[in-house]
Amino acid sequence: MLAIMETIYVRTNDPEWKRITKFWMTIFGINFAIGVATGIILEFEFGTNWSNYSWFVGDIFGAPLAVEGIMAFFMESTFIAVMFFGWNKVSKRFHLMSTWLTAIGANLSALWILVANAWMQNPVGMKFNPETARNEMQNFWEVLFSPTAINKFLHTVTSSYMLAAIVVIGISSWYLLKNRDILFAKRSIVVASTFGLLFAIITISTGDSSAREMARVQPMKFAAMENHYHGKSFAPLVAFGALTPDPDTTKKQNFVFKIEIPNMLSYMAFLSPNAYVPGIYDFAYGNPEKGIISYQERIDKGKQAINALATYKQAKKENNDSLALASLTTFEANYQHFGYGFANAPEDLIPPVATTFYSFRVMVIFGGLFLVLFIYMFYLSIKNRLEGKKWLYYVAIASIPLVYITSQAGWIVAEVGRQPWVIQNLMTTKAAVSHIETSSVIITFWLFAITFTALLIAEIRIMLKQIKKGPKTEGGH
Amino acid sequence: MFENMSMEFLQGYWWILVSLLAALLVFLMFVQGGQTLLYTIGKNEEQKKLIVNALGRKWEFTFTTLVTFGGAFFASFPLFYSTSFGGAYWVWMAILFAFVIQAVSYEFRSKPNNLFGHKTYEIFLFLNGLLGTILIGTAVGTFFTGSAFSVNKMNLLNLVGESNAISQWEGPAHGLEAVLNFTNVALGLAVFFLSRVLASLYFINNIDHEEIVKSSKKQLLINSVAFLVFFLYFLGAILLKDGFAVNPASKVIYLEPYKYLTNFLAMPIVLAIFLLGVVGVLAGIGLTLFKECTKGIWLSGIGTVLAVFGLLLNVGFNNTAYYPAYNTALAPGSPEAIQFMQSSLTIQNSSSSHYTLTAMSYVSLLIPFVLAYIWYAWKSINNEKLSSKELENEHHTY
C-alpha cells in the first residue's frame with residue numbers, strides 16, 4: 001500500500017500524497033521492528049526446540065530458509081534503508097523503486113517461509129533415505145509449486161493485505177471522527193478500501209481452494225474443523241453453531257444449536273453436493289466400505305515401518321545382507337504410515353476439535369464482514385460521502401483488533417488443526433522435539449511471553465502517540 | 001553445472017559460503033561493538049543521537065547477515081543445526097534474546113510514549129552488544145575445543161524410551177558450560193573487543209563530529225590492546241593444542257597434536273588468507289592511530305573478514321571435525337572418550353543431500369548480484385558523513 005501511495009505521489013507530484021506515504025511509513029516502521037523480533041525467534045526455534053525435526057527434514061526445510069535469506073531479506077533490509085533515509089538523498093524515482101523493492105522483498109520472504117510451512121502440511125518432492133534416516137529432497141519445483149504452497153502463499157499474503165487495509169481504514173476513520181486531517185483520511189481510505197476489496201476477493205477464493213486442498217491432503221483437519229464425526233454424502237455445512245462443552249475431544253461433541261447450509265460441506269470439499277465427506281470416526285476407527293483404513297491399523301503399520309528400519313540399520317552394521325533386504329522391503333511397504341508409528345492410540349491423532357471449529361468460524365465470519373466494510377467504504381469513497389458517518393467510524397476502529405484476531409484464528413485453524421502432526425503423516429510433534437528439560441522450555445516461554453507483552457504495550461503506546469500527532473508533524477523525531 | 005559436481009565439492013563449496021557469511025557477520029558486528037560504546041564515547045544527548053543514528057543505519061544489515069548465516073547453515077549442514085541448537089540450548093537462547101531486544105530498540109528508543117524511556121532501550125542495545133559478541137565468539141570457540149554431545153540417529157526409531165531425540169547434550173548447563181574453558185572465552189572476548197575496535201573505526205569514518213572522533217581514537221587504542229591480548233591467547237591455544245582429526249578412509253575421529261597448526265601448513269592458501277586478514281586488521285588500526293587516516297574501517301573490516309574466513313576454513317577442511325564431540329569428564333585416550341568423539345560433526349557427515357546442495361548452489365549465484373545492489377544502494381544514501389545538521393532535516397531518526 002505504501003508503494004501504491006508513493007506511486008500516486010510521484011505521478012501527481014501532489015505533496016499531500018507524500019505526507020500520506022510518510023505517515024504510513026512511520027506506522028509501518030514501528031510494526032516492522034516487532035516483525036523482525038518475532039521472525040528471528042522462528043529461525044532459532046527450529047533448531048533449539050525441534051532438533052529432531054531439523055534433522056529429519058532439514059534437507060528440504062532448510063533450503064527455503066536459506067533462499068529466503070539470500071533472495072528476500074537482503075532486498076528488504078537494503079531498500080528499506082533507502083526508503084526511510086533516502087527521501088532527501090536519492091531521486092524520486094529511485095526512492096519509489098526502493099519502496100517497491102522493499103514490498104517485493106517482504107513478499108518474497110513470505111513466499112519462502114510459507115512454502116516451508118505448506119510443505120509441513122503436505123510433504124511432497126522428497127524421498128526417505130534409510131541410510132541417513134531422513135527425508136531428502138528429490139524435486140525442488142514440486143516443493144515450490146505444490147498446490148498447498150500456492151494456496152497457502154496467496155491466502156496468507158492477501159489476507160495480510162486485508163489486515164493492513166483494515167488498519168489504515170480504522171486509523172483514518174479516527175481522524176474523520178475527530179474531524180481533523182480530513183483529506184489525508186479520505187485519500188488513505190480510497191487506497192485502502194480499493195486495495196482491501198481487491199485482495200479480500202482473492203483471500204476468499206484462495207480460502208475456498210485451501211479448504212478443498214485440505215479435504216484432500218489433511219482430511220482429519222477438515223473433519224475436525226467442521227465437528228464432523230460421521231461421514232456422509234450430501235453433508236451440510238454448519239454456518240454457525242455451539243458445541244456441547246466436553247473437554248474430551250475423543251468423544252463426539254454434539255451441537256447445542258446450529259445453523260446449517262444443506263449439502264454445502266460436500267460441495268466445499270469436493271465440488272459436488274452428493275460427495276461423501278468422511279468424518280473423524282471414519283479415519284480414527286476405519287470405514288472399509290469407503291476404503292478408509294483405521295488409525296489403529298496405520299499405527300501398527302507405522303510401528304512396523306519404524307522397527308523394520310531399526311532392524312535394517314542393525315543388519316547393515318552386522319553385514320547381514322538378507323535380513324537387511326527383508327527389513328528394507330517391510331519398511332518400504334509400510335513407509336507411508338511411518339509417522340503413525342509414533343502414536344499409541346487413534347485418539348492421539350485427533351486434533352482439538354472445538355478450537356479448530358470455532359477458529360474457522362471466527363476467521364470466515366469476520367473475513368466476510370471485512371469484505372462488506374471494504375465494499376461500503378469503497379462505495380462511499382467514490383461517491384465522496386464518507387463524512388458524517390459516526391457509527392461507521394466506530395465500526396472501522398473496532399475492526400482493528402478484530403482483524404488481528406481473525407488473522408490469528410486462521411493460523412489456529414492451520415496449526416492446531418493439523419495436530420498432532422509436525423509433518424503430516426511423517427512426524428508427530430512429540431517425536432520432533434529436542435532433548436531438553438520441560439522446565440527449560442517453560443522458563444523460555446515465560447521469558448518471551450513477558451518480553452513480548454511488554455513490547456506490545458510499548459508498541460501500542462508509541463503507535464497511539466504517532467497517530468495522535470498525525471500526519472502533519474511527520475512523526476519520527 | 002552444479003549437478004555434475006561431486007558431493008565433496010558441494011560440501012566444500014557450502015562450507016566456504018557459510019564461513020564467508022560468518023566472516024562478514026563478525027565484521028558487521030561493529031554495530032554491536034558500537035552499541036557498547038554508546039555511553040563511553042557519547043558524552044551528551046547530541047553525541048549519543050549521532051552514534052545511535054550512525055549505527056541505526058547499519059544494524060539491520062548485521063541482523064540480516066546473522067539470519068541468512070543461520071538459514072544457510074541450517075540448509076547446508078542440518079545436523080549441526082539440530083545438534084548444536086537443540087543441545088547448547090541456553091547459549092543459543094541467550095544469543096536469540098540479545099537480538100530480539102535489539103530488533104525493537106532502534107525504532108522505539110526515541111519515540112515518545114515508549115513505555116520504558118530511552119535509557120531502557122539503550123541498555124537493550126548495550127546488552128545486545130555485550131552478549132551478542134561474547135556468546136557468538138564463545139560458541140565458535142567450541143569449534144576448536146569441543147562440546148559434550150552425542151548423536152545417535154537410531155534414537156529416532158526408539159519407540160519405548162522417553163525421548164526420540166537423535167542428539168543428547170551432557171550436563172544441565174546446555175551449552176553454558178563453554179564458559180568454563182578459557183580458550184572459548186578468550187575468543188568471545190576477542191570478538192567483543194574487535195567489534196569495539198571496528199566500531200571506533202566506523203565512527204571515525206562516518207561521523208562528522210570532532211569530539212566523537214577524538215574519543216573514538218582513544219577507544220580504538222584501548223580496545224585494540226585488549227583485542228590483541230585475547231586474540232593472541234586464543235590463537236596460541238588452538239595452534240598448540242591437539243585438534244580433532246578424521247581419518248578419511250575409516251571416518252574415525254581422533255585427536256591429533258598441533259592439528260590446527262598442521263592445517264595451516266597443509267593449506268598455504270588458507271594460511272595466507274588468515275595472515276593477510278590479521279595484517280589488514282592491524283594496518284587499519286595503525287594507519288588510523290598514527291597516520292590520521294579515516295578509512296581504517298575498510299582495511300580492518302576486510303582484514304576481519306579474511307581472518308575469520310581463514311580460521312573457519314582451517315577448522316572445516318583437511319580432514320577436520322568442525323564441531324567436535326568431546327567430554328572432559330572422560331579420561332583422555334580412554335575407549336569411552338574415543339567412542340564419545342565419534343559423534344563429532346564433519347562437513348561430510350552433517351551436510352544436506354547432493355540434490356539440495358545443488359539446488360541451493362544455483363541460488364547462491366545470486367550473491368554477487370545481491371552484494372552489488374547493497375553496494376549501490378548504500379553508496380547512494382551514504383555519500384556524506386553523518387552530522388547533527390543532517391539529523392535535524394531527517395524525517396526518520398532513531
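**View 1. Chain B as a whole.** Of the 398 residues in chain B, 56% are buried (20 or more other C-beta atoms, placed from the backbone, within 10 Å of a residue's own). This is a predicted model: local features need pLDDT of at least 70, side-chain atom pairs count only at pLDDT 80 or more, and totals for chains, interfaces and linings use all residues. Residues are numbered from 1 along each chain as its sequence is written, with chains lettered from A and ligands numbered from 1 in the order in which they are written. Chain B holds 17 helices and four strands (DSSP runs numbered from the N terminus: H or I, at least four residues, for helices; E, at least two, for strands).

**View 2. The contact between chains A and B.** Chain A contributes 72 residues and chain B 67 residues, where contact means C-beta atoms, placed from the backbone, within 7 Å. On the side of chain A that touches chain B, the largest share, 24 residues, comes from α3(A).

**View 3. Packing of α3(A) with α16(B).** Helix α16 of chain B (residues 367–381) and α3(A) pack at an angle of about 10°, their axes 10 Å apart; axes are lines fitted to C-alpha atoms over the stretch in contact, and angles run from 0 to 180 degrees between N-to-C directions. The two helices are therefore roughly parallel (angles under 35 degrees). Among the contacting residues are Phe74(A), Phe79(A) and Phe85(A) of α3(A), and Tyr373(B) and Ile374(B) of α16(B).

Definitions and conventions: Two residues are in contact if their C-beta atoms, placed from the backbone, lie within 7 Å. Angles under 35 degrees count as roughly parallel, over 145 as roughly antiparallel, 65 to 115 as roughly perpendicular and the rest as oblique. A residue is buried if 20 or more other C-beta atoms lie within 10 Å of its own, exposed if 12 or fewer, and partly exposed in between; C-beta atoms are placed from the backbone.
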